[in-house]
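Q: I would like to learn how to read a protein structure. Please take me through one, feature by feature.

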Amino acid sequence: MTRIYVDFDDVLAKTALAFTHLLEETFGKRVALEEIHSFDLSKSFDLTQEEIDRFMVEAHRPERLIEVEPMEGAVDVLSAWHADGCEIDVLTGRPPSSSDVSREWLSRHRVPHRRLYFVDKYARYDEAAWEGHGRVLRMSELHGDAYDLVIEDSLKTASYLAEATTARVLLFDRPWNRDVSKLPETTVARIERCRDWPEAAALWSGGS
Ligand SMILES: [Mg+2]
């Protein structure tokens with residue numbers, strides 16, 4: 001049984017693109033995807049802490065999240081893998097409060113998956129914030145051989161999984177994950193970059 005880890009935002013869903021639209025609508029600022037050089041959106045969008053907090057609350061409203069478009073090819077590739085008997089889990093760093101809308105989105109777009117897990121990928125949540133939203137996984141629970149394949153766009157998460165697990169790690173190559181200067185060479189070597197879902201599918205089916 002092949003077990004596959006798929007990230008949600010900017011792997012399944014075009015979340016960054018939706019955020020740039022919201023940025024223009026809310027603050028009148030235009031930032032292109034290619035200009036998002038930091039995963040920290042307060043930097044990429046040049047917003048103060050108060051502005052980014054307000055922005056993120058608005059961005060995570062269910063009526064906004066449900067409208068985010070799916071990434072081209074995601075459902076086709078995952079459906080083919082599912083038909084081949086792969087077990088697919090979606091693991092997201094979204095706030096657990098977005099559970100209902102995230103499940104609805106996966107169902108609306110017919111994303112084949114076994115489970116949706118909320119993971120504290122960026123050490124953002126304290127215990128109190130987790131209460132009432134079900135279980136949130138810690139990154140340390142993903143050690144070892146839980147997954148055979150990981151597909152991410154977060155360099156931080158991808159490098160952690162490359163170091164702590166035996167999974168093959170594919171990273172969607174994006175402006176916000178290109179600075180690998182702080183990573184050990186052995187970690188960088190474990191991460192395979194691809195542009196999109198067709199390329200991810202070709203890499204995976206081509207073997208290591
Ligand atoms: Mg992501």
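Q: Which residue is the bridge partner of Ile4 in S5?
A: Start with what a strand is: a DSSP run of type E, at least two residues long, while a helix is a run of H or I with at least four residues, and both are numbered from the N terminus. Two strands pair if DSSP finds at least two bridges between them. Here, Ile4 is bridged to Leu149 in S5. S1 and S5 are joined by 3 bridges and run parallel. Two notes on reading this model. Residue numbers start from 1 along each chain, following the sequence as written. The model is predicted, so local features need pLDDT of at least 70 and side-chain atom pairs count only at pLDDT 80 or more, while totals for chains, interfaces and linings use all residues.

Q: Which residue stands opposite Ile4 in S2?
A: Ile88 does. S1 and S2 run parallel, with 4 bridges between them. Another pair here is Val6 opposite Val90 in S2. Follow Val90 onward: its bridge partner in S3 is Leu116. S2 and S3 also run parallel, joined by 4 bridges.

Q: In what order do the strands of the sheet lie?
A: The order is S4-S3-S2-S1-S5-S6-S7, in an open sheet of 7 strands with parallel pairing. At the edges are S4 (136–137) and S7 (191–194), each pairing on one side only. S7 runs parallel to S6 (residues 168–172), with 4 bridges joining them. Phe172 stands opposite Cys194 in S7.

Q: Which strands does H8 touch?
A: Contact is judged on C-beta atoms, placed from the backbone: two residues touch if these lie within 7 Å. H8 (residues 155–164) packs on the sheet and touches S5 (149–152), S6 and S7. For angles, axes are lines fitted to C-alpha atoms, for helices over the stretch in contact, and the angle between N-to-C directions runs from 0 to 180 degrees. The direction of H8 makes about 170° with that of S6.

Q: Which residues touch the most other members of the largest nonpolar core?
A: In soluble globular proteins, nonpolar side chains tend to be buried together. A residue is buried if 20 or more other C-beta atoms lie within 10 Å of its own, exposed if 12 or fewer, and partly exposed in between. A nonpolar core is a set of buried Ala, Val, Leu, Ile, Met, Phe, Trp, Tyr and Cys residues joined through C-beta atoms within 7 Å. The largest core has 39 residues, and those touching the most other members are Tyr5, Val6, Leu12, Val150, Ala158, Leu161 and Val169. H8 gives the largest share, 5 residues. Take Leu12: beyond its neighbours within four places in sequence, it contacts Val6, Pro70, Met71, Ala74, Val90 and Val111. There is also a second, separate core of 8 residues, including Phe19, Phe39, Phe45 and Trp176.

Q: Which residues of H5 are buried?
A: An α-helix has 3.6 residues a turn, so residues three or four places apart point the same way. In H5, the buried ones are Ala74, Val77, Leu78 and Trp81. Their arc, taken from the directions from helix axis to C-beta atoms, is only 95°, so they sit on the same side of H5. They pack against S1, S2 and H10. Asp76 and Ala83 are exposed, on the face turned away from the buried side. After H5 comes Gly85, with a positive phi near 95°.

Q: Is Asp10 buried or exposed?
A: Asp10 is buried, because 24 other C-beta atoms lie within 10 Å. Its loop lies between S1 (3–6) and H1 (15–27). Most residues other than glycine have a negative phi. Asp10 has a positive one, near 65°. Arg110 is not a glycine either, and its phi is positive, about 55°. Arg110 lies in the loop between H6 (99–108) and S3 (115–119). With 10 C-beta neighbours inside 10 Å, Arg110 counts as exposed.

Q: How many helices and strands does the protein chain have?
A: The chain has 10 helices and 7 strands. Its C-alpha trace spans about 45 × 35 × 35 Å along the principal axes. Of its 208 residues, 31% are buried.
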